[in-house]
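The following paragraphs guide the reader through one protein structure. Please keep the sequence and the three-dimensional view at hand while reading.

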Amino acid sequence: MKTCLQYDQYQETGVREECGVFGIYDFDGNDVASSVYYGLCSLQHRGQESCGIVVSDTKGDRGNIAYHKDLGLVSEVFKPDTLSSLHGNLGIGHVRYSTTGGSTRENAQPLVLNYIKGTLALAHNGNLVNAASLKEELVYGGAIFHTTTDSEMIAYYIARERVHTRNVEEAVLHTARRIRGGYALVVMSPRKLIAVRDPFGLKPLCIGKRNNAYIVASESCALASVGAEFIRDIEPGEMVAITEKGITSNKELQQKERAHCIFEYIYFARLDSEMDGIKIYDARIRSGRALAKAWPVDADLVTGVPESGLTAAKGYAMEAGLPFEIAFYKNSYIGRTFIKPTQKERESSVKLKLNVLESVVKDKRIVLVDDSIVRGTTMANLIQMLKKAGAKEVHVRISAPPFLYPCYYGTDVPSNEQLIAADHTTEEIREIIGADSLGYMKIEDLQTMVGDLGICKACFDNNYPVPAESEKKGFTNEEN
């Protein structure tokens with residue numbers, strides 16, 4: 001069996017990934033567990049703490065769902081004997097990243113729920129702004145929760161609605177009308193696969209086809225990994241149902257306003273994905289070009305922080321007419337340094353992961369591009385490494401504006417106390433990290449990355465498309 005690459009979590013002090021969802025219905029009756037596995041491998045960059053696969057044989061007995069999930073990377077959790085035990089032509093999968101310490105096996109997804117109408121499985125990417133009040137309603141109605149995720153609350157609502165509806169599609173639709181925030185849901189009953197995307201399009205979701213099988217996934221790169229053809233993005237506010245009768249679409253939840261998460265295009269999505277009509281690679285090239293126009297500087301070369309800043313760095317170099325060089329060697333075998341228990345250990349791990357190519361940077365004035373500065377410690381270490389290797393000047397350019405506000409929709413932007421830009425000016429940050437100059441992407445330039453696509457940039461400008469509710473009676477949210 002092939003194994004999937006073990007992607008490093010985004011920089012150990014940076015913004016963390018979201019989650020990834022995948023689903024497939026093979027009408028020819030072929031087992032799909034291995035396809036789900038490879039799909040999750042291609043979405044590993046979106047979550048590295050836990051993963052899971054649920055399958056069902058649509059021709060078998062009702063309630064014949066089989067599943068396996070655990071903490072760890074996809075290649076760590078699923079061995080050949082585990083995959084070979086999962087039989088079924090319908091399946092969903094999930095890779096997870098949690099943000100509030102909820103990295104436990106119980107919180108691993110997909111969630112599997114047995115209820116009066118049978119069995120239900122759910123995989124969820126996103127975060128709800130009204131989870132506290134909805135959970136309060138369920139708790140006072142007698143519900144007992146086994147996880148600390150929004151996803152379990154969504155599953156409970158679907159199960160409760162299913163008791164009073166004609167089919168699971170109606171139950172999912174009724175639930176989607178109640179929940180608010182960013183979400184991409186993949187729901188599986190023993191005979192059906194349902195995918196639904198939030199009305200603003202905050203979270204990505206697309207659909208593809210391979211022979212006689214339909215596939216839904218967080219990103220198009222997951223479709224390519226299993227030999228599927230990309231059909232289209234699932235539209236914001238759209239629910240797609242795949243049953244033995246074929247595929248249907250319901251757009252009752254749709255609205256005019258859209259707010260696609262801009263950080264998908266800045267960092268989250270894989271470079272070879274296409275999302276809502278925008279090729280991620282092209283968007284990042286455009287971000288680098290915008291940076292070069294806004295913050296030109298006399299320099300000898302442009303480089304990027306692997307892997308997060310390389311494409312924007314190339315765009316900067318193209319616009320500025322400067323050479324683009326690789327200045328760091330990245331050790332791909334160090335592992336997931338974000339799990340280091342102390343800040344000091346995390347900082348030292350930067351030097352294990354990256355090594356400066358001295359012959360490239362010695363006596364050179366360098367433009368160093370990355371996608372963000374969160375706490376500043378990583379960038380300070382990289383600048384120090386470059387200057388120790390002989391760089392004359394290091395000019396930092398960031399392909400996102402300064403992080404100033406929290407995200408309520410599932411992106412792990414740390415609290416204001418941990419955001420260096422929250423209480424320091426750009427000049428103060430420049431001094432702290434030791435850069436010769438510092439320039440951030442201008443908020444008004446973000447739109448150049450995605451054309452006329454409606455975007456959410458609330459973590460930069462405090463303009464939230466879906467306001468968060470106040471916490472109620474001690475119930476708290478956890479991103480998924």
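This is a predicted model: local features need pLDDT of at least 70, side-chain atom pairs count only at pLDDT 80 or more; totals for chains, interfaces and linings use all residues.

The tour begins with the second largest pocket, which is lined by 22 residues. Of these, Arg-62, Val-168, Ser-189, Arg-191 and Lys-192 lie nearest the centre of the pocket.

Which parts of the chain build the lining of the second largest pocket? At least two residues each are supplied by strand E6 (118–128), helix H6 (168–178), strand E12 (239–243) and strand E13 (246–250). Strand E6 gives the largest share, namely three residues. Sorted by class, the lining of this pocket holds nine charged, eight polar and five nonpolar residues.

From the pocket we turn to the cavities. How many cavities of 30 Å³ or more does a search of the whole structure find? The search finds three. The largest cavity has a volume of about 100 Å³, and 15 residues line it. Those nearest its centre are Cys-261, Cys-407, Tyr-409, Thr-411 and Cys-456. In the lining of the largest cavity, eleven residues are nonpolar, three are charged and one is polar.

A database record draws attention to several residues in this region. In an unreviewed entry, UniProt places the feature "binding site" at Cys-261, Cys-407, Cys-456 and Cys-459. These residues are spread over 199 residues of sequence, yet they cluster in space, with a largest C-alpha distance of 10.2 Å. The lining of the largest cavity includes Cys-261, Cys-407, Cys-456 and Cys-459. Cys-261 itself belongs to strand E14 (residues 260–261). Is Cys-261 buried or exposed? Its relative accessible area is 11%, so Cys-261 counts as buried.

UniProt also has an annotation "active site", again from an unreviewed entry, and this covers Cys-19. Cys-19 is located in the segment before strand E1 (20–26). Because its relative accessible area is 0%, Cys-19 is classed as buried.

Another buried residue is Tyr-97, with a relative accessible area of 2%. Tyr-97 is placed in the loop between strand E4 (90–96) and strand E5 (111–115). In sequence, Tyr-97 and Gly-20 are 77 residues apart, while in space their C-alpha atoms are 8.9 Å apart. The loop between E4 and E5 also contains Pro-110. The peptide bond leading from Gln-109 to Pro-110 is cis, and its omega is near 5 degrees.

A cis peptide bond is also found from Pro-306 to Glu-307, where omega is near -20 degrees. Glu-307 is part of the loop between strand E17 (301–304) and helix H10 (310–320).

The backbone angle phi deserves attention at two further residues. Asp-276 is not a glycine, but its phi is positive, near 50 degrees. Asp-276 sits in the loop between strand E15 (274–275) and strand E16 (278–279). The relative accessibility of Asp-276 is 18%; a residue is called buried under 20%, and therefore Asp-276 counts as buried. Asn-462, which is likewise not a glycine, has a positive phi of about 70 degrees. Asn-462 is found in the segment after H16. With a relative accessible area of 41%, Asn-462 is partly exposed.

The last stop is a group of parallel strands. Strand E21 (residues 393–398) is mostly covered, for five of its six residues are buried. Strand E20 (residues 365–370) pairs with E21 in the parallel sense, over six bridges. Which residue of E21 is the bridge partner of Leu-368? The partner is Val-396. Between E20 and E21 the chain passes through helix H13 (residues 377–388), and this β-α-β crossover is right-handed. E21 is also joined to strand E22 (residues 437–440), by four bridges, and these two strands run parallel. Here Ile-398 has Tyr-440 of E22 as its bridge partner. When viewing these strands, the reader may recall a general rule: along a regular strand, side chains alternate between the two faces of the sheet.

Conventions. Residues are numbered from 1 along each chain as its sequence is written. Side-chain values use heavy atoms; hydrogens and water are left out. Buried means under 20% relative accessible area, exposed over 50%, partly exposed in between (1.4 Å probe, protein chains only). Two strands pair if DSSP finds at least two bridges between them. A crossover is right-handed if, with the strands pointing away from the viewer, the path from the first strand over the helix to the second runs clockwise. On a 1 Å grid over the protein atoms alone, a cavity is a set of points where a 1.4 Å probe fits but cannot get out, and a pocket is an open set with protein on both sides within 12 Å along at least five of seven lines; lining residues have an atom within 4 Å of a point. Ala, Val, Leu, Ile, Met, Phe, Trp, Tyr, Cys and Pro count as nonpolar, Asp, Glu, Lys and Arg as charged, and the others, Gly among them, as polar. UniProt positions are given in the numbering used here, feature names are shortened, and annotations may be inferred rather than shown by experiment. Grid points are joined across faces, edges and corners, and a volume is the space filled by probe spheres set on the points.
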